[in-house]
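Please read them with the structure open.

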Amino acid sequence: MINLHRLYNHYLNTDKKHDLVNERIISYGWRDDGEKLIGYYVITESWVLKYDMAGDYIGKDSRATVFAEEKVA
């Protein structure tokens, strides 16, 4: 299994930027389908990057879209 702490923790405490989007990493964690792990995510200043369990990049979504809150009438 991929050690996310070893891969990304040093990004949290330095000015180092993620190579793919040239932004600081805010957080990272595991993705699941409700039953098993299916990959992991990395949250940067503007993006949520998604990876599979092999560490291959799947795609990205904007943080504004992923974390959008519904407006209550």
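1. Which residue in E2 does His18 stand opposite? His18 faces Glu23. The two belong to an antiparallel pair, strand E1 (residues 17-18) with strand E2 (residues 23-32), joined by two bridges. Strands here are DSSP runs of E with at least two residues, helices are runs of H or I with at least four, and both are numbered from the N terminus; two strands pair if DSSP finds at least two bridges between them.

2. A word on the basis of these notes. This is a predicted model, in which local features need pLDDT of at least 70 and side-chain atom pairs count only at pLDDT 80 or more, while totals for chains, interfaces and linings use all residues. Residues are numbered from 1 along each chain as its sequence is written, and side-chain values use heavy atoms, with hydrogens and water left out.

3. Hairpins. Four residues separate the strands in the hairpin of E1 and E2, and Asn22 there has a positive phi near 55°. E2 also pairs with strand E3 (residues 37-44), antiparallel, over seven bridges; within this pairing, Gly29 has Tyr41 as its bridge partner. The E2 and E3 hairpin has four residues between its strands, and Gly34 in the turn takes a positive phi of about 100°.

4. Helix H1 (residues 4-12). Leu4, Tyr8 and Tyr11 are its buried residues, buried meaning under 20% relative accessible area, exposed over 50%, and partly exposed in between (1.4 Å probe, protein chains only). Viewed down the axis of H1, these buried residues lie within an arc of 70°, so they line one face of the helix; the arc is taken from the directions from the helix axis to the C-beta atoms. His5 and Arg6 are exposed on the other side of H1. The buried residues of H1 pack against E1, E2, E3 and strand E4 (47-52), contact being heavy atoms within 4.5 Å.

5. Salt bridges. The whole structure contains three, each defined as a side-chain nitrogen of Lys or Arg within 4 Å of a carboxyl oxygen of Asp or Glu. In one of them, the closest N and O atoms of Arg24 and Glu45 are 3.4 Å apart. Arg24 is in strand E2 and Glu45 in the loop between E3 and E4, so this pair ties together parts 21 residues apart in sequence. Arg24 is partly exposed at 34% relative accessibility, and Glu45 is partly exposed at 38%.

6. Another salt bridge joins Lys50 and Asp61, with closest N and O atoms 3.0 Å apart. Since Lys50 lies in strand E4 and Asp61 in strand E5 (residues 57-62), the pair ties together parts that are 11 residues apart in sequence. Asp33 and Lys36 also form a salt bridge, at 3.1 Å from N to O. Lys36 is exposed, at 53% relative accessible area.

7. Aromatic pairs. There are six in the whole structure. Rings of Phe, Tyr and Trp (its six-membered ring) pair if their centres lie within 6.5 Å, with planes under 30 degrees apart counted as stacked, over 60 as edge-to-face and the rest as tilted. The rings of Tyr8 and Tyr28 have centres 5.8 Å apart and planes at 40°, so this pair is tilted. Tyr8 is in helix H1 and Tyr28 in strand E2, 20 residues apart, and both are buried. Tyr51 and Tyr57 have ring centres 5.7 Å apart and planes at 65°, so they are edge-to-face. One aromatic cluster comprises Tyr8, Tyr11, Tyr28, Trp30, Tyr40, Tyr51 and Tyr57.
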